[in-house]
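Q: Hi! Could you walk me through this one with me? I have a few quick questions.

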Amino acid sequence: MMYRVSHDTTYDYGQSVSISHHMLHLLPRAGGSQVCHRTALYVSPTPTVCNNSVDYFGNRVVFLTVQVPHQKLVIRSKSVIEVVPPATPAPLATPPWEEVRDGLFADRSAHGIDALQYRFESPFTVAEADLPGFAAQSFAPGRPVLDAALDLTGRIFREFKYDSTATTVSTPVDAVFKGRRGVCQDFAHLEIAALRSIGIPARYVSGYLLTYPPPGQVKLVGSDASHAWLSIWVPGHGWIDLDPTNNLLPSVEHITIGWGRDYGDVSPINGVIIGGGAHDIKVAVDVRPVEAVTAAQEVETEAAIIEFPKRGASEREIGLI
Amino acid sequence: MSSPPRTTTAKSAKRAGPLTKGYQLKANVYDELLGPDRTMRAHWRKLMESLDRMDPGEFGHRWQRAETMLQENGINFNVFADTEQRVRPWSLDPVPFVISQQEWRALEDGLLQRVRLLNHVLKDIYGRQSLLLDGSIPSTLVVGNPHFLRACHGIAVPQGVYLNFMAIDLARAPDGRWWVLSDRTQAPAGAGFALENRIVVSGTLPEIYRESQVLRLAPFFQALHRHLISVAGRDDPHIVLLTPGPSRDTYFEHSYLARYLGFSLVEGADLTVRDDKVYLKTLGGLQQVDVILRHLADDDCDPLELRADSWLGVTGLVQAVRAGNVVMANALGSSIVQCEAFLALMPALSRQILGEELKLPNVATWWCGEETARDYAFEHFDELFLRPTFHRRTQRKVDFEPAVGMDLAAERKAQIRERMAAQGYDYTVQELIQASTVPTFHEGVLQPGPLVLRVFVAASGDDFVVMPGGLARIMHSPDTRAAAMKRGGESKDTWVLSPAPVAQVTLIGTSSGPVQLRRTGRDLPSRTADNLYWLGRYAERTEGTLRTLRALIKRLSADLANTATMPVVRRLLAIMVEYGQVSSPAVEEAVAGKLDSLEKSLAKILYDPRCPNGLHDVLRNFQSTAGLVRDRLSVDAWVTLNRLHQDRALQQPGSTTLEVGAALNALNGQILTLSAFAGMEMENMTRTYGWQFLDMGRRMERAQHMVEVLKTMLLSGAADQPGVLELLLELADSFMTYRSRYLAAPQLAPVLDLLLADETNPRSVGFQVAAIERHIENLPRDPDRAGLTKKQRMIRELRTRLQVCDIEHLATPDKNGKLAALTELFKRLEDELPALSERIAYVYFTHAEVARPAHVFRAGSSSP
């Protein structure tokens, strides 16, 4: 599937902001079952400093500093992404979960060391609640890891209610577990914390989900939202995505921006401002399936401050990103 | 805290025999002073003989002086967070810890090897990670370590030096060998105290110090200084020392070191990042910073990329470091190797990386992430020292304070064992060492105390150097469990003896090449300007309070039934009501002739530390504001402040009666000490922007106070009542001036002229306003701006108003007998002075605006 994704964020400040620093995880990473045909970033007012690099997890990260006094800041990303169905093993054919847990510390391959970091508590997954007990209901002795994880995913889907008023970005896992309510980010953190509590590496994935308008209606521009799910480490297979909010194995309708230990590592926009008074933030996300497009076909009316591939790059180069 | 040997201060008391008489050796413990057969170790002889020769009385006297010096210099180490005990003196034992140069050389050799090794490990962790890939370092200790800063991975570090300045704690085991207890690679405390200890001890025992040929500490700090300049990569770099601020227990040390090394002491809020460069926000504008000597935990350094909930750092700092525009010392992320589990790896890492055996052994350590280590821990659970492997910021139920297995309650023990079985990697266990003992002075005799030695290492050239000396600490427990710095206690100077005479060195004039002459001092941080302004205000507020109290108490001794005194007392009380020091009912009672409750109130104001707006309160504000700019005050100024604050004449909590004579004495003493502070401010401070703000604060407060006093005295009743004008002159310390000018009884118009308009009288409102105007003219302003600024207009209006006012007219009552014109003038001044003060704050101090998080939008939701 090919998508055109746009993600607009608008800050309105009550008073002038003299300087603002932002760290963005808005440009989707490529690789695996995802090809990034084009991705670009637009910012107004034009930032004085704009650095793009790759973070420790391999995600694209952009740092902005806006040094002119501003009362409004608009950050927009536009991408053309192609997603192919991932190769997912049969759940019952995956190794027993204890094997995953026990084999991890001895695995000294680069992949193993990378996976190990997702085994430990991170700031957004700290919990005192009995998560090992919660996980154990799905993780019976000897049960294949993906089979057990799917069971856990289903239980979170059934036992927890989607409620965007129940939590905020800083609601701890314990409160979500107790209140049994939250949004995708909360469910992802909860399942990650539960998996890690029994020794299974799990990482947080930030991205988008294709949504459908109610039957008979036209999909509204900007009606989508960013989405979050998780991924577990299955030795021999690699990372397998799970979506507890929708109780499914993500396939071609999930578009990945990046991943990390939790939301804190990959929040789409993290900013610090000086001045500004009271402020308001608006976000509009649009995910639209499209026919095959190439970068050259994208017509832009404004100048991107960052884009991949660069304008005029050859087809071959485009294929490499 | 060590008590000065008061028992021996009697001049006649000759010590019966040598100091070591009665010095009890502990079984199975190495003693630094005496061998097992009680023969004194050779390197101690010279010191002990000299001490033995010294008259105990003389020694006691000297030591008492040293302790006063420590107290007054404000050496403190705030172990307790509560306000009553906030400033706890760091005690110093008079007898230095002595070590021979021969032994020191061996120790130094081992320390240098260790720091090279740690630096190499850091380079690998934040670079290729080959030590993880080959299994030399269990990956858990890196990727599972909360101190592993992912944002800093891959950042190039100048000259490959991660560790610019670190400390290592050592203890000597019964077999006489030194063992490493821990590596402090974050931002170790103690070097400033070691330096201060040296200055005090060498000043107390100057002859012995000279004769003993003690290696100097200054060359070590010179080396650090040179190194920091060299990593900056340009001539005359701007180096700052970053502190978390005065609320931290090590702040004194930060300001002490900053001053000693000649670096600006800054907090995160003083810095800003623009164009990927770090700048210090000063009155003169932004000044680029090249090197940051960091005394702030690394994860606190940048809310954007590191800990998002910490606001002690500088937003964008990591970017600036990544861009190579600023050097952090130590490098961000260095704290990862101070995790005790690394001790278990050091011997093997040394062989692998350096191809050498570890010269200085670690205390035996087992990281329970390894199965064999965990088995050992289970087997020897009771005798081992248990620690959480990682120092997490958020405490949870499963967390625990480091403890020895046998000291744990059975239930706790079972809980930890169970968790250890499931998550061994969270636990590290260590052997305890029976630390060597060193002589400490107690009640006039020497007693053995368990010793932990903190030594310091700095980068220098392409290698490292060790400070010849260190902070020797006496612990509360005989073994090494109490080695954590926070436990407080006693410290000692450490003397490394040289076989040859040592050269004198000081840090001043260490710079290579000619120094560019400077006079401006434009680099005053805006926040410091703000604090200095308030210091000036509080100094003046203290004086106003003291003078009012003195005037009042003086009159209480007079016959109050005397109708001539009462109206004056009443007006004085009105001022105190205005400042919230006495209540109106107490005033009514006093006026009615019932003085009990007034006396009680006054006693409270003078003596009760908890009395709101009382003298202690005012002094506390003064003192704590001074603490915020301690690095800007001279030692003498600070000593003067401490005298005010610690004045024994005012330390009578619970006192409810007022003894007039004693109270007046105390107040007179305070007023004199305070004028000593003001004198130092006038005579000893260079006329930098800092001084201008201090003086401007003082002028502003005095102007406002004088307006208040004039208004209350002249308008709350007939101005010509006997005694009122005299009192005004007394409060304004202008009696002599008046007398010499008029040689007549005070009259309203000349008094008004002297206290309101006369710009030559340092107590008049006019003088203050003129001074403020001069300051405003001299402070930096936007050179491109034409015309007057708003604050310039405000101050000129004020000054003109006072200059043109018709004193005769102001002093003449209208047909209703009211001083209407004067009333109107005071009203305007009461509005305009605070407005001007606000404007000054707005223009100069809002630079100190703080950073805060922008709202975030979470995934999967249409609301933040």
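Q: Where does B:Gln159 sit?
A: In this predicted model, B:Gln159 belongs to the loop that runs between H5 and strand E3 (165-172) of chain B.

Q: What is phi there, for B:Gln159?
A: Phi of B:Gln159 is near 60°, which is a positive value in a residue other than glycine.

Q: And why does B:Gln159 count as partly exposed?
A: Because B:Gln159 has 14 C-beta neighbours inside 10 Å, and partly exposed covers what lies between the exposed limit of 12 or fewer and the buried limit of 20 or more.

Q: OK, what about B:Gln213, where is that found?
A: B:Gln213 is in the loop between helix H7 (206-211) and helix H8 (218-232) of chain B. Its phi is positive too, near 55°.

Q: Why is B:Gln213 classed as partly exposed?
A: B:Gln213 has 16 C-beta neighbours inside 10 Å, so it counts as partly exposed.

Q: Switching to peptide bonds: what is omega from B:Ala329 to B:Asn330?
A: Omega is near 0° there, so to speak of the bond from B:Ala329 to B:Asn330 is to speak of a cis one. B:Asn330 is in the loop between strand E11 (327-329) and helix H11 (346-354) of chain B.

Q: And in chain A, is the bond from A:Phe308 to A:Pro309 cis or trans?
A: That one is cis, with omega near -10°. A:Pro309 lies in the loop between strand E14 (306-308) and helix H8 (315-320) of chain A.

Q: While we're on chain A, what does its domain assignment give?
A: It gives domain 1 (2-83 + 267-320) and domain 2 (91-250). Their C-alpha centres lie 27 Å apart.

Q: How many residues are in contact between domain 1 and domain 2 of chain A?
A: Nine residues of domain 1 of chain A contact eight residues of domain 2 of chain A. On the domain 1 side, strand E1 (2-24) and strand E13 (279-289) of chain A are the elements that give two or more residues, and E13(A) gives the most, with five residues. By class, that side has six nonpolar, two polar and one charged residues.

Q: Last topic: how many residues of chain B are in contact with chain A?
A: 37 residues of chain B are in contact with 45 residues of chain A. Helix H4 (130-133), helix H5 (140-143) and strand E22 (851-853) of chain B each give two or more residues to the chain B side. The largest share, three residues, comes from E22(B).

Q: Nice, and how does that chain B side divide by class?
A: Into 13 nonpolar, 14 polar and 10 charged residues.

How values were computed:
Residues numbered from 1 in each chain as written. Chains lettered and ligands numbered in written order. Predicted model: local features only at pLDDT ≥ 70, side-chain atom pairs only at ≥ 80, totals over all residues. Contact = placed C-beta atoms within 7 Å. Helix = DSSP H or I, 4+ residues; strand = E, 2+ residues; numbered from the N terminus. Nonpolar A, V, L, I, M, F, W, Y, C, P; charged D, E, K, R; others polar. Domains from an automatic or database assignment.
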